Amino acid sequence: MNCGALAEGILESELFGHVRGAFTGAVRDRVGVFEAADGGTIFLDEIGEMSVALQQRLLRVLQEREVTRVGASRPAKVNVRVVAATNRDLASLVEQGRFREDLYYRLAVFPIALPPLRDRRADIPLLVEHALTILRARREGAERLACSPLAMRLLRAYDWPGNVRHLFGVLERAAVEADYGRIEAQHLPAELRPASNGAPELREQRYRGTAPADEERAAIVSALEQTGGALAQSAELLGMGRTTLWRKLKLYGLTPTVTDESDLG
């Protein structure tokens with residue numbers, strides 16, 4: 001249940017249910033998701049968007065393990081496991097008085113902090129394959145949908161301010177434009193293919209090349225920008241060996257600023 005997608009009154013009815021005549025339009029009794037999930041699990045997404053009034057009702061459900069439908073007088077017992085998620089800093093919202101402290105501690109029994117995608121780039125290939133599997137299933141008659149090595153390097157080099165949803169959106173767009181089911185670098189948004197003239201850490205020499213080489217060069221430049229010119233980190237980001245990266249730098253006429261003595265080896 002996405003707590004940020006529904007108005008307060010509708011969310012209350014969806015969560016806890018209502019009885020006939022509880023409000024205009026309530027023509028019959030309705031079971032809420034807490035009763036429907038009795039014996040199971042509810043995932044409350046964007047819990048930080050829930051109003052303070054609904055937070056009070058949710059706290060009661062968690063404490064008493066019973067839920068009262070809107071307009072009803074008798075509660076019903078429920079046994080539900082609650083998993084909640086938010087992109088907000090709940091501790092900060094508690095300090096601002098926008099989230100109940102008692103509910104915060106009730107929910108934070110087993111907290112799981114998920115780092116932003118930019119801090120777990122090793123997950124990107126797995127997430128890309130997962131997304132492509134979903135997109136393949138949606139495309140009627142599609143036998144394959146793959147990502148080229150260069151496109152994958154660009155995906156791994158990007159910071160992804162919108163995290164996983166941002167990544168999935170980019171792949172969905174690229175899949176529409178991809179020829180023969182293969183996502184290439186040119187199918188990715190421009191911000192994932194930075195121009196090489198924006199890299200102050202690099203000294204560029206004369207270079208002429210084909211379009212695919214230009215794209216690979218751009219991926220290398222982007223990786224060097226993000227690592228401050230450290231070859232070992234750049235090679236890992238690009239998914240290639242350090243020796244291979246040295247060879248590519250010579251090929252494309254790039255001279256990085258060495259920030260790690262191990263890069264000289």
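**Close-ups of a predicted model**

**View 1. What lines the largest cavity.** The lining of the largest cavity splits into six nonpolar residues, no polar ones and one charged (nonpolar: Ala, Val, Leu, Ile, Met, Phe, Trp, Tyr, Cys and Pro; charged: Asp, Glu, Lys and Arg; polar: the others, Gly among them). Those residues are Phe34, Val61, Leu62, Arg65, Val78, Val80 and Val82. The cavity holds about 50 Å³ of space, and a search of the whole structure turns up one cavity of 30 Å³ or more. Here a cavity is a set of points on a 1 Å grid over the protein atoms alone where a 1.4 Å probe fits but cannot get out, with lining residues having an atom within 4 Å of a point. This is a predicted model, with local features needing pLDDT of at least 70, side-chain atom pairs counting only at pLDDT 80 or more, and totals for chains, interfaces and linings using all residues. Numbering runs from 1 along each chain as its sequence is written, and side-chain values use heavy atoms, leaving out hydrogens and water.

**View 2. Helix H1 against helix H3.** The axes of H1 (residues 8–16) and H3 (residues 52–64) come within 11 Å and cross at roughly 10 degrees. H1 and H3 are therefore roughly parallel (angles under 35 degrees). Glu8, Leu11, Glu12 and Phe16 of H1 touch Ala53, Leu54, Arg57, Leu58 and Val61 of H3 (heavy atoms within 4.5 Å).

**View 3. A stacked ring pair.** Among the three aromatic pairs in the structure (ring centres within 6.5 Å; stacked means planes under 30 degrees apart), phenylalanine 16 and phenylalanine 34 are stacked, at 5.9 Å centre to centre and 15 degrees between the planes. Phenylalanine 16 sits in H1 and phenylalanine 34 in H2 (residues 33–36), so the pair ties together parts 18 residues apart in sequence.

Key
On a 1 Å grid over the protein atoms alone, a cavity is a set of points where a 1.4 Å probe fits but cannot get out, and a pocket is an open set with protein on both sides within 12 Å along at least five of seven lines; lining residues have an atom within 4 Å of a point. Grid points are joined across faces, edges and corners, and a volume is the space filled by probe spheres set on the points. Axes are lines fitted to C-alpha atoms, for helices over the stretch in contact, and angles run from 0 to 180 degrees between N-to-C directions. Helices (H or I, at least four residues) and strands (E, at least two) are DSSP runs, numbered from the N terminus. Angles under 35 degrees count as roughly parallel, over 145 as roughly antiparallel, 65 to 115 as roughly perpendicular and the rest as oblique. Rings of Phe, Tyr and Trp (its six-membered ring) pair if their centres lie within 6.5 Å; planes under 30 degrees apart count as stacked, over 60 as edge-to-face and the rest as tilted.
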